[in-house]
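Reader: I have a few labels to check. Please set each one against its cut-off.

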Amino acid sequence: MLKFIASAWVLVGLVIGFVMPRAQDLKTTPIAFFHVPLAISMLLLFVLAAVWSIKWAFFGRDARDDARSLAFAEVGFVAGLIAMATGMLFARTNWGAYWSWDPQQVGVLGTLLTYAALFALRGATDDEGTKRKLWTVYAVLGVLVACFGSYVYRQILPPNASLHPNQTLTNSDALFKFALWFNVAGYAMLLICAANVRARFEIIANRLDERVWRGT
Amino acid sequence: MKPNSQVFAKAAFAVFQKDLLAEWRSRATLGAVALFSLAAPITLGFSLAQQKLTPEAQGALLWSVLFFAACIGLPRAFVKEEESGTSALLRLHFGSDAVFWGKAAGQMALLMVTQLAAIPTFILLLGARVGNVPLLLAVTVGGDLGLALSSTLIGAMAAQARGRGALFPALAAPILLPFLATLGVATGAAFGARVDSTNALMVVAAFDLALVGAGVLGFELVWK
Amino acid sequence: MTSDSLFVLAVSVLTLGGVFFYLLRVEALAKKLEERVRDEDVPRR
């Protein structure tokens with residue numbers, strides 16, 4: 001059910017994004033209603049991944065929770081890649097370069113590296129229990145890095161060090177803000193649907209693995 | 001409560017002492033880390049001899065060097081336990097909290113000793129001007145604390161993965177990226193860059209605190 | 001709205017449609033697999 005709502009929501013959001021007046025001094029405004037929601041959804045999905053892994057570790061050790069955590073981290077990673085790619089296109093038209101070592105850009109790159117390392121760690125551990133324990137700890141650390149990298153680090157730099165506008169999310173006019181958060185909700189729902197489907201596959205894979213071990 | 005916390009402190013200290021003693025007998029890690037932290041600034045000095053570096057760049061370079069030096073020595077703490085098969089004994093004898101704090105104190109001591117040599121060498125070879133000594137000291141202690149805590153947690157994780165700790169730099173680098181960047185900014189301020197160092201110091205302290213929390217909770221999970 | 005941005009909007013809507021139908025397809029696949037795994041879990045001894 002959620003997938004129908006999410007898709008319709010995103011469809012409406014897309015149209016809203018295109019009919020919005022040009023925001024501030026940005027060229028190619030509609031991309032902002034895609035790029036920013038994906039970046040925020042990425043963070044949301046990473047937080048959810050950490051929540052599922054904590055649920056695995058401290059509330060019941062249900063392998064399905066671990067599978068969900070993996071799914072959310074994976075989909076969040078893809079969302080981050082898309083946000084970074086669209087951000088680079090956006091940066092090319094507005095700031096004149098695909099990559100300008102903007103603190104926010106580097107922060108997201110660092111976050112993506114963290115999750116790449118997380119997947120590497122999962123691949124490099126043989127024992128299922130150990131694998132999931134290490135995953136939990138590193139997933140929580142990943143959220144820490146995501147917050148520090150993308151929101152805290154730029155606070156210590158001089159105010160104009162980041163090319164990202166500082167308070168678009170909270171200080172724009174109501175219409176712009178509505179369009180932005182409408183799109184955030186839509187993409188977040190759509191990505192959560194995708195993550196749920198991915199989790200179902202992981203759960204099936206786990207059961208098949210179990211069966212191989214039992215030898216039936 | 002009191003006897004309990006005394007027992008804990010004693011256990012943590014025992015782990016710390018054991019690590020120091022083992023290190024002192026072989027001096028393998030200490031030598032490797034100290035040599036690297038001397039060699040790296042020399043290499044940098046070679047390739048950057050004709051450049052005029054800004055204080056910001058010097059601060060960032062200092063922490064990159066210190067991080068990579070730490071990467072050589074710090075994962076050893078757990079890898080050698082796994083290799084010699086003593087980790088099971090350690091698990092039996094001490095609670096995970098005691099092991100965590102003991103190991104972290106050992107890492108911290110190792111870092112401090114090597115930096116006693118490494119930081120002055122760096123400053124001399126790269127021609128940095130230390131404008132604010134207390135700030136540099138504060139940043140160093142805060143940074144070492146973060147490096148020690150995170151390397152204890154991540155080192156224990158990496159030692160259990162395939163390849164015994166080979167994964168450590170790959171795991172630690174992205175986690176510490178915002179932390180190292182902040183340390184670089186604060187150190188740049190100590191070298192005379194015009195940035196607000198109070199904010200940076202507060203971020204360092206916040207990251208340390210977050211690592212204490214993550215370490216205490218996470219280590220129990222990883223270690224058991 | 002210029003015709004250029006109308007074109008881009010059309011492309012985005014088509015992409016979204018593609019993503020949506022692919023999601024439906026993959027979800028149906030998951031359901032099928034789940035059922036098969038469940039069927040085979042019934043002990044045959």
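Reader: What area is buried between chain C and chain A, and which atoms give 74% of it?

Author: This is a predicted model. About 2,000 Å² is buried between chain C and chain A, and carbon and sulfur atoms give 74% of that area. The contact takes 20 residues from chain C and 20 residues from chain A.

Reader: Why is an interface described by area?

Author: The size of an interface is often given as the accessible area lost when the parts come together.

Reader: How do you know that Arg200(A) and Glu27(C) form a salt bridge?

Author: The cut-off is 4 Å between a side-chain nitrogen of Lys or Arg and a carboxyl oxygen of Asp or Glu. The closest N and O atoms of Arg200(A) and Glu27(C) are 3.4 Å apart. That is within 4 Å, so the pair counts as a salt bridge. Three salt bridges are counted between chain C and chain A. A search over all chains finds 17.

Reader: What makes Lys55(A) and Asp65(A) a salt bridge, and what parts does the pair tie together?

Author: Their closest N and O atoms are 2.9 Å apart, and the limit is 4 Å. Lys55(A) lies in helix α2 and Asp65(A) in helix α3 of chain A, so the pair ties together parts ten residues apart in sequence.

Reader: Why is Asp65(A) called buried, and what is Lys55(A) called?

Author: Buried means under 20% relative accessible area. Asp65(A) has 1%, so it is buried. Lys55(A) has 34%. That value lies between 20% and 50%, so Lys55(A) is partly exposed.

Reader: How do you know that Arg198(A) and Glu74(A) form a salt bridge?

Author: The closest N and O atoms are 2.7 Å apart, within the 4 Å limit. The pair links distant parts of the chain: Arg198(A) is in helix α7 and Glu74(A) in helix α3, 124 residues apart. Arg198(A), at 25% relative accessibility, counts as partly exposed. So does Glu74(A), at 27%.

Reader: What makes Lys103(B) and Glu81(B) buried?

Author: Lys103(B) has 0% relative accessibility and Glu81(B) has 3%. Both values are under 20%, so both residues are buried. Their side chains meet in a salt bridge, 2.8 Å from N to O.

Reader: Why is Met1(A) called exposed?

Author: Exposed means over 50%. Met1(A) has 69% relative accessibility, so it counts as exposed. Met1(A) lies in the segment before α1 of chain A. Met1(A), Leu2(A), Phe4(A), Ile5(A) and Trp9(A) form a nonpolar surface patch, with about 490 Å² of accessible area together.

Note on methods. Residues are numbered from 1 along each chain as its sequence is written. Chains are lettered from A and ligands numbered from 1 in the order in which they are written. This is a predicted model: local features need pLDDT of at least 70, side-chain atom pairs count only at pLDDT 80 or more; totals for chains, interfaces and linings use all residues. Side-chain values use heavy atoms; hydrogens and water are left out. Patches are made of residues with over 30% relative accessible area and no salt bridge: like charges are joined within 9 Å, nonpolar side chains (Val, Leu, Ile, Met, Phe, Trp, Tyr) within 5 Å. Accessible areas come from the Shrake-Rupley method with a 1.4 Å probe; for residues, only the protein chains shown count as cover. Helices (H or I, at least four residues) and strands (E, at least two) are DSSP runs, numbered from the N terminus. Buried means under 20% relative accessible area, exposed over 50%, partly exposed in between (1.4 Å probe, protein chains only). Contact means heavy atoms within 4.5 Å. Buried area is the accessible area (1.4 Å probe) that two parts lose on being put together, summed over both.
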